[in-house]
Amino acid sequence: MLRNRIRRVPVTVRGTHYVHEYLVLPDVCAVIAEVPDGIVLVEQFRPALGRRILELPAGRLRRGEEPVQGARRELAEETGYQAGDLRLISRFYPSVGLSRHKVHLYYTVNPVPGETHWDATEEIEVKIVPVVEVPNLLIEGRAADAKTHLGLVYFLNARGWIMQRGRWRPTELAQPRS
């Protein structure tokens, strides 16, 4: 599976020569989708972990696909929701020691519900998590992959929540949106 995706590059550090290996992987897009009742997440089995986890709707970009189009496609495929406006929140490298692929993180509010179009290898359960429950997902490790964890931290900060003395707390800015 990974045979053709491993690259080897010669590296010299303080006179020591070695070969560093890294994976060539496609970029990924992920979407923070806010609906009136909370945040749209997906729960799916991850073989590397041996368990199901909650994640932001996300997936690999197709060759030549623009990140915003990939985000729109993945949200619709995995959750059925159709995004209107998508706003870029961040681009980041989730694991620079392993790969140079990027995650393109987007935000949308009030996407329109629709039908899912899962890949043959996906078995997904769509979950709407109330905003007040999001801190618990982070603290308890139920939303533990990097893109989801970082996306939810961005979301909470934008909504007026802060980490204070090891606990997430809403500030006076954390008012429900209408």
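Select K147 and D145: their side chains meet in a salt bridge, with N to O at 2.4 Å. The model in your viewer is predicted. D145 counts as buried because its relative accessibility is 16%, under the 20% cut-off.

Next, show the largest pocket. Its space comes to about 1,300 Å³. The lining consists of 38 residues, and V28, R46, E55, R60 and K147 are the ones that lie nearest the centre.

Which element gives the largest share? Helix α1 does, with 4 residues. Now colour the lining by residue type: 18 residues are nonpolar, 5 are polar and 15 are charged.

Stay with helix α1 and select R73, which is found there. R73 counts as buried because its relative accessibility is 13%. What does the side chain of R73 reach at 3.0 Å? At that distance is the backbone oxygen of R60; R60 is also one of the residues nearest the centre of the largest pocket. A polar contact of 2.8 Å joins the side chain of R73 to the side chain of E74.

Show the other surroundings of R73. With neighbours within four places in sequence left aside, R73 is in contact with R60, L61, R62 and E65. E65 is a salt-bridge partner of R73, and their closest N and O atoms are 2.8 Å apart. E65 has a relative accessible area of 18%, so E65 is buried, and R73, at 13% relative accessibility, counts as buried as well.

For the last stop, select R62, E65, R73, E74 and E77 together. Salt bridges with shared partners join these residues into one network. To survey the rest, display every salt bridge: the structure holds 12.

Conventions
Residues are numbered from 1 along each chain as its sequence is written. This is a predicted model: local features need pLDDT of at least 70, side-chain atom pairs count only at pLDDT 80 or more; totals for chains, interfaces and linings use all residues. Side-chain values use heavy atoms; hydrogens and water are left out. On a 1 Å grid over the protein atoms alone, a cavity is a set of points where a 1.4 Å probe fits but cannot get out, and a pocket is an open set with protein on both sides within 12 Å along at least five of seven lines; lining residues have an atom within 4 Å of a point. Grid points are joined across faces, edges and corners, and a volume is the space filled by probe spheres set on the points. Helices (H or I, at least four residues) and strands (E, at least two) are DSSP runs, numbered from the N terminus. Ala, Val, Leu, Ile, Met, Phe, Trp, Tyr, Cys and Pro count as nonpolar, Asp, Glu, Lys and Arg as charged, and the others, Gly among them, as polar. Buried means under 20% relative accessible area, exposed over 50%, partly exposed in between (1.4 Å probe, protein chains only). A polar contact is a pair of N or O atoms within 3.5 Å; within protein, one must be able to donate a hydrogen and the other to accept it, and residues adjacent in sequence count only if both atoms are side-chain atoms. Contact means heavy atoms within 4.5 Å. A salt bridge is a side-chain nitrogen of Lys or Arg within 4 Å of a carboxyl oxygen of Asp or Glu.
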